[in-house]
Amino acid sequence: MNKYRTIIKDSLSKKLTIKIAILMISVFLILLVGAFAVVANIISEEAFTYNKSVAYTVCDLVVYQAAEEHRPVDVRSRDNIQLYSEYFCQWGRIDYISTLTVSDNDTKVTYLGFADKEGSGYIEKTRTDWLGKEIEYSFTEKEKEILQTDGGIYDNNDYSYFGDSTSAVAVSNDGYGNKVVVVAGISYKELFKSTAERFLVVVLILIGAFILMTVVIYYLIRKSVFLPAKRISDSMTEFIKNGQRSDVKLDESGSDEFAMIAASFNRMTDNIDRYLHNIKELTSVQERQKVELDIASKIQKGFLAPGEFHSGNCEVYAMMTPAKNVGGDFYDYMLLDNGRIMLTIADVSGKGMSASLFMAVTLVLMRQYARMNYSPAEILSKVNDILSENNPNLLFTTAFIGIYNPATQEMSYSNAGHNIPYIIRDVPEPLVGAENIVLGLYRNEHYEQTTVKMDPGDIIFLYTDGATEAVDDNRHFFGIKRLEEALNSFRPSHEENLVEYVNSSICEYAKDAEQYDDLTMLSLTIKERTVLELRPDESEFGKIRKVILDSKLPRELQLSLCVAAEEIFINICSYAFEGFDSSEKPEVRFVFEYFDRIRMRFEDNGMAYDPTRDVQFDVDYDVDSQIGGLGKLIAFTIADSVIYEYTDNRNILTITKYLKGEINEYHTEQ
Amino acid sequence: MNITQNNNDGIITIVLEGWLDHSSSPELGEIIDGIDSAKGIVLDFAKIEYVSSAGIRQIVATHRKSKELEAAFSVINVNPEVMSVIAITGLDKKLKIKREY
């Protein structure tokens with residue numbers, strides 16, 4: 001946090017101050033150079049004017065003096081010239097004065113006198129320059145021009161500040177044919193020395209003033225920019241840290257940008273506080289809705305019959321996976337009288353709550369009419385009349401109803417616009433026919449019905465379009481073809497029933513893609529099933545053996561089943577009716593069924609005896625006294641599961657053997 | 001059930017054929033009972049497809065008979081299915097029982 005603040009301090013106050021200072025110094029330097037140029041120009045102009053007046057005065061005095069004495073200006077004027085020259089050099093600002101005459105038709109030049117700050121003399125043709133170096137003086141081209149003229153005052157100055165000096169030349173006539181020439185000059189060194197000194201003082205004062213100003217500006221910026229910015233920054237940091245605005249609001253007084261930022265910030269935090277509050281409220285509302293939907297979903301699932309059902313040689317497997325919490329699909333099955341089984345699958349148009357309500361009504365109506373022993377077509381017709389009677393939202397349902405009668409081994413069915421189911425014999429075939437209009441739209445529709453023969457081993461497969469319209473990552477449908485392939489490749493096994501098998505095919509295809517529609521499937525399997533009513537006599541075993549050997553099972557499996565069946569049956573014959581004194585006729589029932597597993601059931605009305613207890617056998621012990629034990633041991637070892645129950649005065653022993661790839665896995669290899 | 005018996009120098013070989021179950025095993029029992037003397041008794045199971053506990057009891061009974069007569073005893077040519085049933089009882093470890101080759 002401290003580091004954060006330091007960075008801000010550096011970046012705002014210092015940066016700004018340094019930039020302003022650099023800008024001001026630059027401006028100051030430009031102004032200084034300009035001012036220096038102007039001042040230097042004025043000084044030069046003044047010096048030049050002064051030069052001219054001095055040159056003229058000296059020239060005039062010399063000519064006047066000679067005129068008084070009625071003579072030309074010549075060496076006799078030297079004293080005079082020296083006096084005047086010294087005077088101006090000593091007491092005036094003039095640095096040097098040189099006086100000469102030009103006679104004999106401008107051909108002869110005579111130096112009459114020279115003076116500078118150091119003194120005067122008659123040094124002819126030489127003088128010192130303003131750097132103190134002795135040089136030979138020669139007329140410049142301009143001076144030569146001036147000498148040619150009759151009189152006047154002339155500049156002898158090219159205005160160069162960096163030249164030796166600036167000077168003026170005065171030319172006059174003495175009345176005797178001689179020209180008197182006076183050159184008066186000021187050296188630049190002298191001229192600018194004092195000016196520069198004065199400037200330096202001013203510059204130092206100004207630099208001091210700038211340093212002072214910079215410091216003042218720094219504190220002003222700090223007070224008016226950095227501190228308010230820091231306050232805002234601290235508040236923001238606080239806000240971020242706490243997740244909500246601190247109780248102290250930012251000061252909004254004033255009309256500068258910071259006041260605006262503070263006002264905006266206060267508004268923003270207020271809004272965020274409000275939004276957060278709203279989000280919390282919304283979340284709790286959604287939470288409640290979710291809970292309600294969950295409950296609805298549970299109620300809907302509660303309507304559905306369990307996913308597995310066995311009756312006689314019929315096995316029903318079903319599943320429903322809604323795309324949302326609640327769906328419009330359903331399956332149903334019901335055991336009717338005489339072992340008949342009703343199967344239903346349906347798909348309500350639409351999804352979600354509305355569909356699920358319609359689904360519940362449809363399901364209940366169908367069950368009700370099925371209980372009243374109506375045929376599939378009659379059920380559909382009755383349900384359609386009730387649904388279409390009052391259906392303002394024009395919801396509709398596709399449905400398939402089949403009723404299997406084990407006595408005739410036929411299934412009567414009627415289809416109300418639903419996906420054509422499959423009957424799987426050797427290969428899956430569409431169960432066409434009795435196709436009618438959907439339920440819920442038109443009253444008094446007639447529904448057709450037909451029947452199909454179902455042999456042991458046949459499977460009916462019902463599904464909704466959620467199966468064929470399951471999509472993969474590329475949004476391609478699972479489709480009829482893949483469904484038929486899955487149905488075709490199904491092999492009965494105790495590990496996976498048909499519905500689970502198709503579902504795992506679909507899941508494998510769809511992978512992680514979202515499920516768009518409810519997925520519902522139901523299968524009815526007619527198993528191989530034989531029931532024998534037997535006397536408790538060992539000679540009756542031949543019938544059992546025949547049933548087992550007549551099955552389509554592999555030979556080795558048949559032999560193991562025979563061993564197990566023989567042991568159980570002989571045991572029953574030997575012991576169950578010992579001392580049997582009942583008015584009932586002794587009887588043993590043998591039920592043999594197989595599809596995905598083999599089940600052998602032995603029912604007898606003899607004495608209650610649980611053979612699954614005390615299954616022990618010790619071959620070292622007397623073999624004969626353990627006559628039952630040895631057989632039980634063999635039978636139970638061959639079986640995959642053994643279940644004993646005693647109901648209705650009957651011993652019921654069920655032995656199950658699963659169909660596996662390796663059917664003789666119980667062989668203990670030596 | 002078909003049973004043939006060979007006596008080769010006191011070594012009695014009983015060749016069985018078919019199912020040795022509750023209905024056929026008494027037959028074997030009678031034959032065993034009828035043996036008076038032997039140096040060895042061999043049960044040849046080469047053509048036995050099926051053995052239940054009743055058959056196993058007859059194997060045990062034959063074993064006892066051989067002990068009584070102080071004769072050697074072995075069961076030979078047992079197929080895997082039958083062997084697996086015998087193995088359930090543990091008899092394979094106790095008696096001299098040879099698999100078919």
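## A nonpolar surface patch

In this predicted model, Leu200(A), Leu204(A), Ile207(A), Ile211(A), Val215(A) and Tyr219(A) form a nonpolar patch on the surface. Together they have about 610 Å² of accessible area (Shrake-Rupley method, 1.4 Å probe). Patch residues have over 30% relative accessible area and no salt bridge, and nonpolar side chains are joined within 5 Å. A salt bridge is a Lys or Arg side-chain nitrogen within 4 Å of an Asp or Glu carboxyl oxygen.

Val215(A) lies in helix α4 (residues 188–242) of chain A. Val215(A) is partly exposed, at 43% relative accessible area (buried is under 20%, exposed over 50%).

## A five-stranded sheet

Chain A also has an open antiparallel sheet, ordered β21-β22-β23-β25-β24. Strands are DSSP runs of E, at least two residues; helices are runs of H or I, at least four. Pairing needs at least two DSSP bridges. The edge strands of chain A, β21 (528–534) and β24 (641–647), each pair on one side only.

β21(A) pairs with β22 (residues 588–594) of chain A over seven bridges. Glu528(A) has Tyr594(A) in β22(A) as its bridge partner.

## Helices on the sheet

Helix α11 (residues 541–550) of chain A lies across β21, β22 and β23 (597–604), at about 175° to β21(A). Angles run from 0 to 180 degrees between N-to-C directions of lines fitted to C-alpha atoms, for helices over the stretch in contact. Contact means heavy atoms within 4.5 Å. Helix α12 (residues 555–576) of chain A touches β21, β22, β23 and β25 (650–658). Its direction makes about 10° with that of β23(A).

## Basis

Local features need pLDDT of at least 70, side-chain atom pairs 80 or more, while totals for chains, interfaces and linings use all residues. Residues are numbered from 1 along each chain, chains are lettered from A and ligands numbered from 1 as written, and side-chain values use heavy atoms, without hydrogens and water.

Note on methods: Patch = residues over 30% accessible without salt bridge, like charges linked within 9 Å, V, L, I, M, F, W, Y side chains within 5 Å. Buried < 20%, exposed > 50% of the residue type's maximum accessible area, 1.4 Å probe, protein only.
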